[in-house]
Amino acid sequence: MLTVPIMLKIPVKLHPVITDFNSYNYCLLDGGRGSSKSQSTARFLLYLCEVRKIRVCCGRETQNSIEESVYQIFVSLIKEFKLNFDIKSNKIIHRETGSIIIFKGFREQGSINIKGLEGVDILWIDEAQAITKATLDIIIPTIRKQNSKVFFTMNRYLRNDAVYVFCVGRSDCLHIQINYFENEFCPQKLIDEANLCKQRNYKDYKHIWLGEPLDQASDYLFSVSSLENSKNLVIIPDGSTTNKVLSVDLAAAGGDNCIAKLLTRKSLNVWQENTIAQWTEPDTDITKGKIISLHSLYMPDFSILDADGLGYPIWVSVKKIIENCLAFRGNGKARYKNSANQRADGYLTVNDFLQNGWLKLTCENTMRQLEYIKKIYQSNGTILIEDKKTIRKEQGESPDYADSLMMNIYAINFYSHLFHQKNENIEKSYGVETEFDPFN
């Protein structure tokens with residue numbers, strides 16, 4: 001049993017936060033409401049501030065006011081236990097040790113602000129599920145003082161939350177998952193609320209009270225369950241003619257990849273994904289040669305290339321050699337009434353294929369990137385897909401694998417009539433047949 005001051009009476013499951021404090025660089029506490037993650041962390045940090053001089057920063061992705069931080073938790077504990085702190089409007093200072101606790105939002109006016117993190121002994125990020133990979137990649141190297149620590153507390157939002165992916169499996173991270181029924185100090189009122197939620201909506205209960213990630217957040221296009229079902233899809237061959245479509249998503253910026261993906265028809269309705277090539281060389285001649293070589297090797301019914309920006313001259317050159325080489329223009333005119341452009345057409349169609357069991361995913365990179373594709377509703381009611389530049393900032397990578405798959409599905413849906421040139425007996429299964437137009 002751990003004997004501690006009354007202020008440090010926290011759930012037994014969280015005792016390693018105290019006993020193993022010096023053994024880890026990072027600490028991740030995740031779980032649902034009522035588990036005492038934030039309360040226990042605040043208690044321990046106040047205790048450390050009392051016994052030695054330290055600098056603590058409590059941060060969030062965005063913070064419009066001090067009320068949005070954990071400031072009030074500290075204030076309540078200081079008053080409850082009559083601790084010797086000077087409570088100011090934007091910081092808290094211990095009167096004897098000189099320890100200071102500051103509060104900040106990392107993202108201000110669209111940019112990441114790390115001012116004030118230098119010399120921090122402990123960084124505590126509450127609501128860590130909101131931290132983007134781009135923010136994490138900047139702030140983590142900033143906390144480099146000898147023996148400095150980073151605490152994360154969170155109720156997971158998505159399966160691939162940046163902080164969760166960063167922490168889990170690291171030998172230098174103490175990870176404890178805790179829920180309200182493991183907190184012996186959880187008030188009965190919260191227990192009653194949890195039980196009521198469990199009765200009324202078990203899906204909400206699992207997320208709110210058990211800390212499980214959402215299957216699908218409101219602004220995300222794809223559900224985790226649909227992606228998992230696609231990965232585990234069992235294909236039953238039915239003798240249908242095999243068709244193949246090749247797509248190439250071209251690198252648009254430094255750090256992007258060129259991705260070539262082949263989709264193969266495995267039954268009348270089901271297509272299987274295969275990522276067949278990836279390269280980063282910016283040389284247009286190399287890219288042109290690779291595309292022509294891949295087309296010759298796999299002999300698809302037709303190919304579709306990213307023809308936006310620098311991709312246009314590559315498409316112009318390749319189409320002179322490859323018959324039925326389609327141009328994909330992400331910002332081109334939409335075909336669906338509820339779409340803002342062709343990129344939205346493509347991703348909405350991918351969602352239809354997943355929901356109908358028409359697509360088997362095999363690439364983990366594709367699945368990961370599909371999870372963070374967001375839909376944006378415009379004022380006229382049409383749907384826009386979050387642009388690649390924004391995704392790159394938030395996730396630290398461009399959705400090249402996902403976009404390549406999207407282009408494949410777009411081509412299958414809107415140009416399925418081209419399959420008839422190979423086999424007149426192929427039954428049309430998707431989309432709306434149109435005349436061949438590589439720019440629409």
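## Exercises on a predicted model

At 21% relative accessibility, I276 counts as partly exposed, a class that sits between buried (under 20% relative accessible area) and exposed (over 50%), using a 1.4 Å probe and protein chains only. This is a predicted model, in which local features need pLDDT of at least 70, side-chain atom pairs count only at pLDDT 80 or more, and totals for chains, interfaces and linings use all residues. Residues are numbered from 1 along each chain as its sequence is written, and side-chain values use heavy atoms, with hydrogens and water left out.

### Exercise 1: the whole chain

Task: state how many helices and strands the protein chain has, and what share of its residues is buried.

Solution. 
- Step 1. The chain has 14 helices and 18 strands; helices (H or I, at least four residues) and strands (E, at least two) are DSSP runs, numbered from the N terminus.
- Step 2. Of the 440 residues in the protein chain, 52% are buried.
- Step 3. The C-alpha trace spans about 85 × 50 × 45 Å along its principal axes.
- Step 4. Take the contacts (heavy atoms within 4.5 Å) with a separation of 6 or more: residues 24 or more positions apart account for 67% of them.

### Exercise 2: the surroundings of I276

Task: find the strand that holds I276 and list the residues in contact with I276, leaving aside neighbours within four places in sequence.

Solution. 
- Step 1. I276 belongs to strand β13, residues 271–279.
- Step 2. With those neighbours left aside, I276 touches L246, A260, K261, L262, L294 and Y298.

### Exercise 3: a charged residue without a partner

Task: is R43 buried or exposed, and what is the nearest side chain of opposite charge?

Solution. 
- Step 1. Locate R43 in helix α2, residues 37–51.
- Step 2. R43 is buried, and the nearest side chain of opposite charge is E80, 4.5 Å away. Here Lys and Arg count as positive and Asp and Glu as negative, while His and the chain ends are not counted.
- Step 3. R43 has no salt bridge; that term asks for a side-chain nitrogen of Lys or Arg within 4 Å of a carboxyl oxygen of Asp or Glu.
- Step 4. Beyond four places in sequence, the contacts of R43 are I6, M7, L8, K9, I10, L77 and F81.

### Exercise 4: salt bridges

Task: how many salt bridges does a search of the whole structure find, and which residue pairs with K145?

Solution. 
- Step 1. The search finds 17 salt bridges. Side chains of opposite charge can pair when their charged atoms come close.
- Step 2. K145 pairs with D121, at 3.0 Å from N to O. The two are 24 residues apart: K145 is in the loop between α4 and β9, and D121 in the loop between β7 (111–112) and β8 (122–125).
- Step 3. In another pair, the closest N and O atoms of R170 and D172 are 2.9 Å apart. R170 is partly exposed at 29%, and D172 is buried at 19%.
- Step 4. R368 and E397 form a salt bridge as well, with closest N and O atoms 2.8 Å apart. R368 lies in helix α12 and E397 in the loop between α13 (388–395) and α14, so this pair ties together parts 29 residues apart in sequence.
- Step 5. Finish with a network of salt bridges that links D249, R343, K388, D400 and D403.
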